[in-house]
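Student: I've got a model open and I'd like to talk it through with you. Can we go from the overall picture down to single residues?

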Amino acid sequence: MSKLSFLREGIRHLKTTGTIFRSGSALCHAAIDRIDFAQVRTIAELGAGDGVITKYLLDQMHQDARLIAFELSHDLCDNMRAIGDDRLVVAEDSAEALPQWLQKSGLEQVDAVVSAIPFAAIPEQVGQNILNNAYEHLRPGGLYNQVHYSLKRLPWYQATFASVEKQRVWANVPPAWVLYCRKANT
């Protein structure tokens with residue numbers, strides 16, 4: 001998808017895309033940082049957009065790994081389907097449906113979650129449901145990486161995860177935050 005096409009999609013569906021700019025390479029690298037790709041076999045990507053972070057994940061993933069990428073926009077899902085990687089499952093659905101998609105795939109949990117859902121732009125209860133589902137289905141010790149453009153929802157993560165670290169990504173337009181959240185091992 002071109003930058004202009006993404007801009008148009010972002011303007012048409014700002015509440016679900018959360019931005020009018022594609023994530024730059026610095027943000028994509030930060031979004032997948034700290035994932036142990038040698039160990040991780042199942043990843044959920046929430047708010048996958050046109051697949052720009054998806055491609056970075058696929059480039060690093062083990063050949064036996066699986067990526068379930070959630071996105072509401074049909075056009076953006078078509079872009080992800082065009083990637084043509086058998087490890088990628090495009091879930092044209094709300095990230096609230098993570099439990100159902102895991103069940104369809106014969107899975108109970110994921111090893112890691114990467115999310116670019118614009119939680120500040122969607123209804124608070126929907127956001128809480130998505131975060132709670134992701135946490136419940138994340139394996140003990142699993143990593144949840146969240147891209148944000150503000151820290152408005154930081155207390156959600158601090159109340160949910162055993163540890164939360166944040167990194168500012170200045171080399172993105174606009175500058176963004178990545179929150180690295182780890183689930184307790186117990």
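Student: What percentage of the 186 residues in the protein chain is buried?

Tutor: Before that, a word on conventions: this is a predicted model, where local features need pLDDT of at least 70, side-chain atom pairs count only at pLDDT 80 or more, and totals for chains, interfaces and linings use all residues. Residues are numbered from 1 along each chain as its sequence is written, and side-chain values use heavy atoms, with hydrogens and water left out. Buried means under 20% relative accessible area, exposed over 50%, and partly exposed in between (1.4 Å probe, protein chains only). By that cut-off, the buried share of the 186 residues is 47%.

Student: How many helices and strands does the protein chain have?

Tutor: Both are DSSP runs numbered from the N terminus: helices are H or I with at least four residues, strands are E with at least two. Counted that way, the chain comes to eight helices and seven strands.

Student: Why does I68 count as buried?

Tutor: I68 sits in strand β2, where five of the six residues are buried. Leaving aside neighbours within four places in sequence, I68 is in contact with I43, A44, E45, V89, A91, W101, L102, S105 and L107. I68 counts as buried because its relative accessibility is 0%.

Student: Which residue is the bridge partner of A44 in β2?

Tutor: Strands pair if DSSP finds at least two bridges between them. Strand β1 (residues 42-46) and β2 pair in the parallel sense over five bridges. In β2, the partner of A44 is I68.

Student: Why is V114 called buried?

Tutor: V114 lies in strand β4 and touches A31, I35, A44, E45, L46, I53, L57 and N145, not counting residues up to four places away in sequence. The C-alpha atoms of V114 and Y144 are separated by 5.9 Å, though the two are 30 residues apart along the chain. V114 is buried because its relative accessible area is 1%.

Student: Is R34 buried, exposed or partly exposed?

Tutor: R34 is in the loop between α3 and β1. Although R34 is not a glycine, its phi is positive, about 75°. With 37% relative accessibility, R34 counts as partly exposed.

Student: What is omega for the cis peptide bond that joins V173 and P174?

Tutor: P174 lies in the loop between β6 (163-169) and β7. The bond joining V173 to P174 is cis, and its omega is about -10°.

Student: How many disulfides does a search of the whole structure find?

Tutor: A disulfide needs a pair of cysteine sulfur atoms within 2.5 Å. C77 is buried at 0% relative accessibility, and C181 is buried with a relative accessible area of 0%. The search of the whole structure gives a disulfide count of zero.

Student: Why does S23 count as buried?

Tutor: S23 is in the loop between α2 (14-17) and α3. Not counting residues up to four places away in sequence, S23 touches C28, V52, I53, Y149 and N172. S23 is buried because its relative accessible area is 16%.

Definitions and conventions. Contact means heavy atoms within 4.5 Å.
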